[in-house]
Amino acid sequence: MNYVVALGFFDLIHKGHISIFNKTVELAKKLSASPAVFTFSNDIYKVLGKKSSPINCFSERVQLISEQGIDKIFSVEGTKDFLSKSGENFLQYLLDNYNPVAFV
């Protein structure tokens with residue numbers, strides 16, 4: 001299966017995120033792919049040493065994202081090692097693991 005993948009943490013689903021999901025669904029239809037999201041399953045704010053925390057927990061985010069027409073949610077634990085990947089290494093990881101045909 002090929003995917004159009006929206007990238008983000010999506011700690012709180014708001015109008016901007018909904019716009020991203022709508023664009024993902026629209027582009028997936030155009031490219032005969034499945035709309036997907038790549039996100040983190042843990043609180044990356046803690047990993048990054050920030051004092052704030054996400055509004056929605058992971059299971060809430062999954063539910064809210066799924067309600068926007070997203071067929072698949074890919075998630076990884078956002079460890080310090082993973083979050084420190086270079087842009088090139090992160091892109092290669094996505095290409096190697098998720099069959100993306102486009103990103104939003």
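Which residues make the nonpolar surface patch of about 300 Å²? The patch is made by Leu7, Leu91, Leu95 and Phe103. To count here, a residue needs over 30% relative accessible area and no salt bridge, with nonpolar side chains (Val, Leu, Ile, Met, Phe, Trp, Tyr) joined within 5 Å and like charges within 9 Å. A salt bridge, for its part, is a side-chain nitrogen of Lys or Arg within 4 Å of a carboxyl oxygen of Asp or Glu. Areas come from the Shrake-Rupley method with a 1.4 Å probe, and for residues only the protein chains shown count as cover.

A word on the model itself. It is a predicted one, so local features need pLDDT of at least 70 and side-chain atom pairs count only at pLDDT 80 or more, while totals for chains, interfaces and linings use all residues. Residues are numbered from 1 along each chain as its sequence is written, and side-chain values use heavy atoms, with hydrogens and water left out.

Helices (H or I, at least four residues) and strands (E, at least two) are DSSP runs numbered from the N terminus. With 41% relative accessibility, Leu95 is partly exposed; the scale runs from buried (under 20%) through partly exposed to exposed (over 50%), again with a 1.4 Å probe and protein chains only.

Next, the aromatics. Rings of Phe, Tyr and Trp (its six-membered ring) pair if their centres lie within 6.5 Å; planes under 30 degrees apart are stacked, over 60 edge-to-face, and the rest tilted. That rule gives 13 aromatic pairs. Among them is the edge-to-face pair of Phe38 and Phe90, at 5.6 Å centre to centre with 65° between the planes. Phe38 belongs to strand β2 (residues 34-40) and Phe90 to helix α5, so this pair ties together parts 52 residues apart in sequence. Phe38 is buried at 2% relative accessibility, whereas Phe90 is partly exposed at 23%. Phe90 also pairs edge-to-face with Phe82, at 6.1 Å and 85°, and Phe82 is buried at 12%. One aromatic cluster takes in Tyr3, Phe38, Phe40, Phe74, Phe82, Phe90, Tyr93 and Tyr98.

Finally, the backbone. Most residues other than glycine have a negative phi. Ser32, however, has a positive phi near 55°; this serine lies in the loop between α1 (15-30) and β2 and is exposed at 66% relative accessibility. Asn99 also has a positive phi, near 50°. Asn99 falls in the loop between α5 and β4 (100-103) and is partly exposed at 42%.
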